[in-house]
Amino acid sequence: MILPLIFDDARYEIGGRTLLATGELRLTPGARTAVIGHNGAGKTTLLRLAHGLIAPTSGTVRWAAPAEGRHAMVFQRPAMLRRSALANVAYGLKLRGLDAAERERIAQDRLARVGLANLAQTPARVLSGGEQQRVALARAWALDPEVLFLDEPTASLDPGATRAVETIMDDMSREGAKIVFTTHNLGQARRLSDEIVFLAGGRVIERAATADFFSNPRSAEAIEFLRGELP
């Protein structure tokens, strides 16, 4: 198992400005983690550091075991290749060296599990935003990641598309993937997470069980955030 993922006073700075300072933070197996906070708090930067898309300017981010190919990330606006939905899902499997028959078998299965089997041969770029997000989830799921990072996975989606994405997240979690997602939707954070990582001003302020965070936030920043965000 590649978890826990350990942030040891990791910092990310640009031009002398600190965008994120994690302090000591561990992401552990099992619990679904929602990363919340205002715009600019550092949520996406945290996921990008975790996934290895950027390197900390100081401190370390390390897995418990070699993690290459064992975690995946889906972005708020996923990039679709100029090919069918099925070929988009199969692409990562090709990079892993699977033969054509196995790639198609897995890709068809994952598309079916996200409810898009009937659109397998449709060019991915003509699909709706919600359908593209489901293709991106199927593409990640095809790789059987131990950890899946999701950056605002339902932003700008309508309620029906949001429900579909949330169902897929639940299914992947039940099959053993550790889900770490950012969201501005506090109802979604309550529904889908077991723990909250709360950021403010580029710093990790709190990590707590979801029920505890919403009922009894410990920091002044979290109290103020919830007062402003909840009716």
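Trainee: Is Phe-198 buried or exposed?
Mentor: Phe-198 is buried, as its relative accessible area is 1%. Buried means under 20% relative accessible area, exposed means over 50%, and partly exposed is in between (1.4 Å probe, protein chains only). Keep in mind that this is a predicted model: local features need pLDDT of at least 70, side-chain atom pairs count only at pLDDT 80 or more, and totals for chains, interfaces and linings use all residues. Residues are numbered from 1 along each chain as its sequence is written, and side-chain values use heavy atoms, with hydrogens and water left out.

Trainee: Okay, which residue forms an aromatic pair with Phe-198?
Mentor: That's Phe-213, in a tilted pair with 5.7 Å centre to centre and 40° between the planes. Rings of Phe, Tyr and Trp (its six-membered ring) pair if their centres lie within 6.5 Å; planes under 30 degrees apart count as stacked, over 60 as edge-to-face and the rest as tilted.

Trainee: Where do Phe-198 and Phe-213 lie?
Mentor: Phe-198 is in strand E9 (residues 195-200) and Phe-213 is in helix H7 (residues 210-215), so the pair ties together parts 15 residues apart in sequence. Helices (H or I, at least four residues) and strands (E, at least two) are DSSP runs, numbered from the N terminus. Phe-213 is buried too, at 0% relative accessibility.

Trainee: Which residues do ring pairs link into a cluster?
Mentor: Phe-198, Phe-213, Phe-214 and Phe-225. Phe-214 also has the charged end of Arg-190 over its ring, 4.2 Å from the centre. For a charge to sit over a ring, NZ of Lys or CZ of Arg must be within 6 Å of the ring centre and within 35 degrees of the ring normal.

Trainee: Switching topic, how many salt bridges are there?
Mentor: The whole structure has 14 salt bridges. Each is a side-chain nitrogen of Lys or Arg within 4 Å of a carboxyl oxygen of Asp or Glu. One of them joins Asp-170 and Arg-32, at 2.7 Å from N to O.

Trainee: What parts does that pair tie together?
Mentor: Asp-170 lies in helix H5 (residues 159-174) and Arg-32 in the loop between strand E3 (24-27) and strand E4 (33-36), so the pair ties together parts 138 residues apart in sequence. Asp-170 is partly exposed at 23% relative accessibility, whereas Arg-32 is buried at 16%.

Trainee: And what about Arg-110, which residue does it form a salt bridge with?
Mentor: Asp-144, with the closest N and O atoms 2.9 Å apart. Arg-110 is buried, with a relative accessible area of 10%, but Asp-144 is exposed at 52%. Salt bridges that share partners join Asp-109, Arg-110, Arg-113, Asp-144 and Glu-175 into one network.
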